[in-house]
Amino acid sequence: MPAAQVNGAPTDRLGFLLAWRGEATSARIRGALAVTGLHPRQAMTLLHLGTGPVSQRELADMLEVDPSQLVAILNELEGEGLAERRRDPADRRRHIVEITEAGTAALRKVDSALNEAERELFAAFSERDLASLRTMLDRVDVASVQHECAED
């Protein structure tokens, strides 16, 4: 006799299904980014910086990371010459972060790697499906979860 199903089919557990698919997606994205030499947290930071200079605090909010985690990410990017921090002339307590020319070149590689990976991952999706997925994922409440920037 089969074991009792407590809460329906395994795919009814949306959080678990999202985590399961997320792990596979994460592995594919990490593999794609390997050609750039960047970790996902570094790539995501460059993606945000690619839109223009931003305060360090705003960047931490965009990335949904603790400011101390952002410092570590920025130290890595600065060490590679991909980003730089400078004091805000209007408020010396604030740091402005911006991408460098080398960072912009790295961002082009990131875009290319992500484009290829996303074409494969989402081949079965229409543009409308992708827009709906983005909308739904934006509504998943992760604010109460401590977002880690762990790298393998």
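Buried, in this talk, means under 20% relative accessible area, exposed means over 50%, and partly exposed is what lies in between, with a 1.4 Å probe and protein chains only. Asp 61, to take one case, has a relative accessible area of 46% and is therefore partly exposed.

Good morning. The structure shown is a predicted model, in which local features need pLDDT of at least 70 and side-chain atom pairs count only at pLDDT 80 or more, while totals for chains, interfaces and linings use all residues. Residues are numbered from 1 along each chain as its sequence is written, and side-chain values use heavy atoms, with hydrogens and water left out.

Let me start with the overall layout. The protein has six helices and three strands; helices (H or I, at least four residues) and strands (E, at least two) are DSSP runs, numbered from the N terminus. Along the sequence, their order is α-α-β-α-α-β-β-α-α. The protein has 152 residues, and 27% of them count as buried. Among contacts with a separation of 6 or more, 56% are between residues 24 or more positions apart, where contact means heavy atoms within 4.5 Å.

I turn to the strands. Two strands pair if DSSP finds at least two bridges between them. Strand β2, residues 83-88, pairs with β3 in the antiparallel sense over six bridges, and these two strands form a hairpin with two residues between them. Within β3, Glu 98 stands opposite Glu 84. Strand β1, residues 54-55, is also antiparallel to β3, over two bridges; here Ser 55 has Ile 96 as its bridge partner.

What follows β3? Thr 100 lies in the loop between β3 (91-99) and α5 (101-121). Thr 100 counts as buried because its relative accessible area is 17%. Leaving aside residues up to four places away in sequence, Thr 100 touches Gly 81, Leu 82, Ala 83 and Glu 84.

Next, the charged pairs. How many salt bridges does a search of the whole structure find? The search finds seven, a salt bridge being a side-chain nitrogen of Lys or Arg within 4 Å of a carboxyl oxygen of Asp or Glu. One of them joins Arg 28 and Glu 120, at 2.8 Å from N to O. This pair links distant parts of the chain, with Arg 28 in helix α1 (residues 14-33) and Glu 120 in helix α5, 92 residues apart. Arg 28 is partly exposed at 23% relative accessibility, and Glu 120 is partly exposed at 48%.

Another salt bridge joins Arg 57 to Asp 61, with the closest N and O atoms 2.7 Å apart. These residues are four apart in helix α3 (residues 56-63), so about one helical turn separates them. Arg 57 is partly exposed, at 47%.

In a further salt bridge, Asp 88 and Arg 94 have their closest N and O atoms 3.0 Å apart. Asp 88 is buried at 11% relative accessibility, whereas Arg 94 is partly exposed at 34%.

Finally, the surface. Leu 18, Leu 137, Val 140 and Val 142 form a nonpolar patch with about 310 Å² of accessible area together. Patches are made of residues with over 30% relative accessible area and no salt bridge, with like charges joined within 9 Å and nonpolar side chains (Val, Leu, Ile, Met, Phe, Trp, Tyr) within 5 Å. Leu 137 lies in helix α6, residues 127-138, and is partly exposed at 41%. Thank you.

Technical notes:
Areas by Shrake-Rupley, 256 points an atom, 1.4 Å probe, with all protein chains shown as cover.
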